[in-house]
Amino acid sequence: ETFKRITQAYLPELLDAARREINYQRHTGNLDEDALQPEELVGETLIKAWQYRARRPEGMSLKGWMLGVQRQVLHRIVAQESSFRQLAAISLE
């Protein structure tokens with residue numbers, strides 16, 4: 001409950017950042033249009049932030065840390081999508 005309460009204030013900013021990052025990844029061709037929605041990325045970010053909450057560096061702001069977690073989550077998803085595309089191409093050959 002406490003985690004939810006303290007992270008809720010950052011949800012609009014996480015969502016805005018997710019939109020920008022996803023649009024960038026789509027524009028560069030790293031992410032398909034239907035692969036990920038901003039709300040999904042924020043949800044995944046909250047899950048990872050909860051799992052790794054004890055690893056937040058002392059003195060780092062919660063907002064900055066969560067934005068960093070979100071970026072890491074997105075990069076993991078982009079890497080998975082790239083790997084899937086490569087496997088699909090090989091499978092079709």
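E21 is partly exposed, with a relative accessibility of 22% (partly exposed lies between buried, under 20% relative accessible area, and exposed, over 50%, for a 1.4 Å probe and protein chains only). The structure is a predicted model, in which local features need pLDDT of at least 70 and side-chain atom pairs count only at pLDDT 80 or more, while totals for chains, interfaces and linings use all residues. Residues are numbered from 1 along each chain as its sequence is written, and side-chain values use heavy atoms, with hydrogens and water left out.

E21 forms a salt bridge with R71, the closest N and O atoms lying 3.1 Å apart (a salt bridge is a side-chain nitrogen of Lys or Arg within 4 Å of a carboxyl oxygen of Asp or Glu). This pair links distant parts of the chain, E21 being in helix α2 and R71 in helix α4, 50 residues apart (helices are DSSP runs of H or I with at least four residues, numbered from the N terminus). R71 is partly exposed, at 44% relative accessibility.

By this rule, the model contains 5 salt bridges. Another of them joins E13 and K63, with 3.3 Å between the closest N and O atoms. E13 belongs to helix α2 and K63 to helix α4, so the pair ties together parts that are 50 residues apart in sequence. E13 has a relative accessibility of 35% and counts as partly exposed; K63 is also partly exposed, at 32%.

A further salt bridge is formed by the side chains of R26 and E33, at an N to O distance of 3.5 Å. R26 is buried, with 17% relative accessibility, whereas E33 is exposed, at 60%.

The largest nonpolar core has 18 residues (a nonpolar core is a set of buried Ala, Val, Leu, Ile, Met, Phe, Trp, Tyr and Cys residues joined through side-chain atoms within 4.5 Å). Those that touch the most other members are I22, L31, L36, L41, W65 and L74. Two or more residues of this core come from each of α2 (11–27), α3 (38–51) and α4 (62–92). The largest contribution is that of α4, with 8 residues.

Contacts of L36 were also listed, with residues up to four places away in sequence not counted (contact means heavy atoms within 4.5 Å). On this basis L36 touches I22, R26, L31, L41, L74 and I77. Among these, R26 is the residue that meets E33 in a salt bridge, and I22, L31, L41 and L74 are listed with L36 among the core residues touching the most other members.
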